[in-house]
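Biologist: Could we go through the charged pairs in this protein together? I would like to start with what the term "salt bridge" means.

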Amino acid sequence: MQGLRIHALIAIVVLGLPFSARAFTLSGNLVQGGMAIGHVAPGSRVSYEGRPIRVSPDGLFVIGFSRDAKAQAMLTVQAPQGGIAKHPISIKPRQYDIQRIDGLPPKKVTPTAKADLARIRADIALVRKVRRRDDPRTDFDQPFIWPVLGRISGVYGSQRILNGNPRRPHFGVDIAVPTGTPVKAPADGVVSMAHDDMFYSGGTLIVDHGHGISTVYMHLSKILVAEGTQVRQGDVIAQVGATGRVTGPHLHWGMNWFETRLDPSLLVSPMPETAATP
Ligand SMILES: [Zn+2]
């Protein structure tokens, strides 16, 4: 209790200083699966739930909220002069659907072959490593566009039941479009992984947008960019396909803040009606 009171006092004192108070802003989707961009006085140090996060030289930072993020979280900002301000954040909860998918090849739902299990482990390890990247670029700080336009056949967060077996939630948005449809970069970035054939996700591409924000494209028939390539928003980076664990051609579009899976559909305008019903 004593500690809490002291922290509250510090927060009030720091917020009372006109410069610090004006320097802190946080905007974006304060909702499960959302991304929020903040500004602090240059030279400040920021941590989210005790985890130090990168701040750009001009005071920009980004955080993301998981599918099951708690309703309350804490951002701590240490001003260059040393004062510490605590900013409680309220994260809105969401309701998630249950999605049943049948007719998947059994070995893609419950793999048992040694070679398949080894492949899955290698895929997971590689993706995990790529998502640890923390580049100083701030490409995430721009309005995103849809990588493809079409009917949305799967949404973020759904609890999945595959061939009758409960599986982990769906962390992305699925857009059902034909094989060969060009996939565009939704924002500027750098290609951080290009893999032709992962066990679950088939042709898989990851684009890094800086500060731990990355987007992933799965089930691709063709990847048109190499690792390390710098891409601009709108550049064609791949073609839609039906590789990996799928029942038909579609793009799975995912987004991460490091290991935290976000909902990319929160960053773009609603899918145009005309694209959704061809
Ligand atoms: Zn998907």
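Modeller: A salt bridge is a side-chain nitrogen of Lys or Arg within 4 Å of a carboxyl oxygen of Asp or Glu. Please keep in mind that this is a predicted model.

Biologist: How many salt bridges are there in the whole structure?

Modeller: A search of the whole structure gives 13 salt bridges.

Biologist: Which residues are linked in a network of salt bridges?

Modeller: The network links R133, D135, R137, D139 and D208. Within this group, R133 and D135 pair through their side chains, with an N to O distance of 3.0 Å. R137 and D208 also form a salt bridge, at 2.6 Å from N to O.

Biologist: Where in the chain do R137 and D208 sit?

Modeller: They belong to distant parts of the chain, 71 residues apart. R137 is in the loop between helix 4 (114–131) and strand 9 (151–154), while D208 is in strand 15 (residues 202–208).

Biologist: Are R137 and D208 buried or exposed?

Modeller: Both R137 and D208 are buried.

Biologist: And R133 and D135, buried or partly exposed?

Modeller: R133 counts as partly exposed, because its relative accessibility is 29%. D135 has a relative accessible area of 16%, so D135 is buried.

Biologist: What about D68: which residue does D68 form a salt bridge with?

Modeller: The partner of D68 is R67, and their closest N and O atoms are 3.0 Å apart. D68 is exposed at 52% relative accessibility, whereas R67 is buried at 10%.

Biologist: Why can such side chains pair at all?

Modeller: Side chains of opposite charge can do so when their charged atoms come close.

Biologist: Changing topic, where does D263 lie?

Modeller: D263 lies in the loop between strand 21 (260–262) and helix 5 (273–276). D263 is buried, because its relative accessible area is 3%.

Biologist: Lastly, where is Q99 found, and what does its side chain make a polar contact with?

Modeller: Q99 is part of strand 8 (residues 98–101). Its side chain has a polar contact of 3.2 Å with the side chain of R160. Q99 counts as buried, because its relative accessibility is 16%.

Conventions: Residues numbered from 1 in each chain as written. Predicted model: local features only at pLDDT ≥ 70, side-chain atom pairs only at ≥ 80, totals over all residues. Heavy atoms only, no water. Buried < 20%, exposed > 50% of the residue type's maximum accessible area, 1.4 Å probe, protein only. Helix = DSSP H or I, 4+ residues; strand = E, 2+ residues; numbered from the N terminus. Polar contact = N/O pair within 3.5 Å; in protein donor to acceptor, adjacent residues only side chain to side chain.
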